[in-house]
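Take a walk through this structure, one stop at a time. Keep the sequence and the 3D view side by side.

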2 protein chains.
Amino acid sequence: MQPTANPYHHGDLKAALVAAATRLIEEGGPSSLSLRGVARAVKVSHAAPYRHFRNKRALLEAVAIEGFRDLGKALDTVIAQSPDDPRRQMIDAGAIYVREAIDNAQRAQLMFGGLLQRDDPSPALQDAAEAAFSRCIGIIRRGQRQGVFRPGSSKGLVMAYWAASHGLAMLLINDGFGIRSLEESPEALWRLVADNLLAGLLAPPT
Amino acid sequence: MQPTANPYHHGDLKAALVAAATRLIEEGGPSSLSLRGVARAVKVSHAAPYRHFRNKRALLEAVAIEGFRDLGKALDTVIAQSPDDPRRQMIDAGAIYVREAIDNAQRAQLMFGGLLQRDDPSPALQDAAEAAFSRCIGIIRRGQRQGVFRPGSSKGLVMAYWAASHGLAMLLINDGFGIRSLEESPEALWRLVADNLLAGLLAPPT
DNA sequence: ACCTGAACACCGTTCAAGT
DNA sequence: ACCTGAACACCGTTCAAGT
């Protein structure tokens, strides 16, 4: 037993609060999280969190920021796996985007769901989100340089890619419109979307 | 003055509650809505709503269902405007999807945001959502019959179309990743996405 | 049938006080 | 510096009681 036997009293209460909040959110959704509940979970008084977070929202932001960092790392890993194949990167990055959202569905809800994004943009959160997104831009740009994707302004390509992967992820975690009644795995559904996005919806002009 | 001067006492308290809830949600977001606040807004005791809604969630569902009906009607209008041009229908329907979401951003958050979708699917809500979605399927199918869209199973085309429009709408209402810093109007951004979706991201094989 | 008022067990947040 | 306990103004929900 150290002089500071209780880990929550020598500096990592902050980390413990974020960890507990992340777990509780995954159990009951972001809107069911109570600051008092988090305090109870780490066995601390209900006022203690205020030493480390200005308010409940600040704690939620810390959870979301961690989520964006995790997403960015997952994207980096996947991109590094096929350094010279932008088409493969595009498909794999979208798949991991969808997979990350499903594996941490409630946290993804918090990250993308408007609970935080709406009011004050909170620079730190905004930065973490944009950093994750910047990977998608890189994939498209490299693919254009290699002649894999259509040349010209990358903006439209990036937007379409981004909207499609984000949209599928959101639909899957919300079970929107009964999408889960389709029997395919998330990965198979993303392949379906990605293939159509790559090839286009229009019939070839024969 | 009728014998029942107060409109909330002769049968339309239910409708008044839904209307007030819709307004309050648009002002402060779905998570800030309090049932007591709604009751105050229609000048009724805080227990009165329980005569008409089992709980707070049931009231939120009623608001969301109304939203899906509005969306369905808007899609019908747009589809009817170009009865013989599926390509035009596809573009216009996506634009109206995005526009409806932006014009009722907080209600859209409620409709798509997982606050309701997650736990119990609630058949009535699920049906309203699927009815709105079925319009997209119709557009793609008609386009395939006319040879405008690529033939074969419509599933992949529908999923890509749906994910892209839904994804762009969600990104816009959440200002995700600073998408609003782009200067284009929502309609222009959708056109960018739609054009790339129609033509495909891949470079033509020369 | 429809609404009210009190009551209960929760919240988020603040603040004096303890170590 | 870091945490506690009481306090305040809110919630959602229930229930006896009123008309």
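Start in chain A, where A:Lys14 lies over the face of A:Phe53. The distance to the ring centre is 5.4 Å. Now turn to chain B. There, B:Lys14 lies over the face of B:Phe53, at 5.4 Å from the ring centre. Bear in mind that this is a predicted model.

Next come the aromatic rings. A pair of aromatic rings is described by the distance of the centres and the angle of the planes. Over all chains, a search of the whole structure finds eight aromatic pairs. Take B:Tyr97 and B:Phe112. Their ring centres are 6.0 Å apart and their planes meet at 25 degrees, so this pair is stacked; the angle is under the 30 degrees that stacking requires. The pair links distant parts of the chain. B:Tyr97 sits in helix 4 of chain B (residues 86-103), and B:Phe112 in helix 5 of chain B (residues 105-112). They are 15 residues apart. Both B:Tyr97 and B:Phe112 are buried.

Move on to B:Phe133 and B:Trp162. These two also form a stacked aromatic pair, 3.8 Å centre to centre, with 25 degrees between the planes. B:Phe133 has a relative accessible area of 11%, so it counts as buried. B:Trp162 has 3% relative accessibility and is therefore buried; the cut-off is under 20%.

Go back to chain A for a cluster. Ring pairs link A:Phe68, A:Tyr97 and A:Phe112.

The largest pocket has a volume of about 540 Å³. It is lined by 29 residues. Closest to the pocket's centre are A:Ser31, A:Leu115, B:Ser31, B:Gly113 and B:Leu115. What classes of residue make up the lining of the largest pocket? Eight are nonpolar, 15 are polar and six are charged.

End with the cysteines. A disulfide is a covalent bond between the sulfur atoms of two cysteines. How many disulfides does the structure hold over all chains? The count is zero. A:Cys136 has a relative accessible area of 5%, so it is buried. B:Cys136 is buried as well, with a relative accessible area of 5%.

Definitions and conventions: Residues numbered from 1 in each chain as written. Chains lettered and ligands numbered in written order. Predicted model: local features only at pLDDT ≥ 70, side-chain atom pairs only at ≥ 80, totals over all residues. Heavy atoms only, no water. Phe/Tyr/Trp six-rings, centres within 6.5 Å; stacked < 30°, edge-to-face > 60°. Helix = DSSP H or I, 4+ residues; strand = E, 2+ residues; numbered from the N terminus. Buried < 20%, exposed > 50% of the residue type's maximum accessible area, 1.4 Å probe, protein only. Lys NZ or Arg CZ within 6 Å of the ring centre and 35° of its normal. 1 Å grid on protein atoms, 1.4 Å probe; cavity = no way out; pocket = protein on both sides within 12 Å on 5 of 7 lines; lining within 4 Å. Points joined across faces, edges and corners; volume = space filled by probe spheres on them. Nonpolar A, V, L, I, M, F, W, Y, C, P; charged D, E, K, R; others polar. Disulfide = S-S within 2.5 Å.
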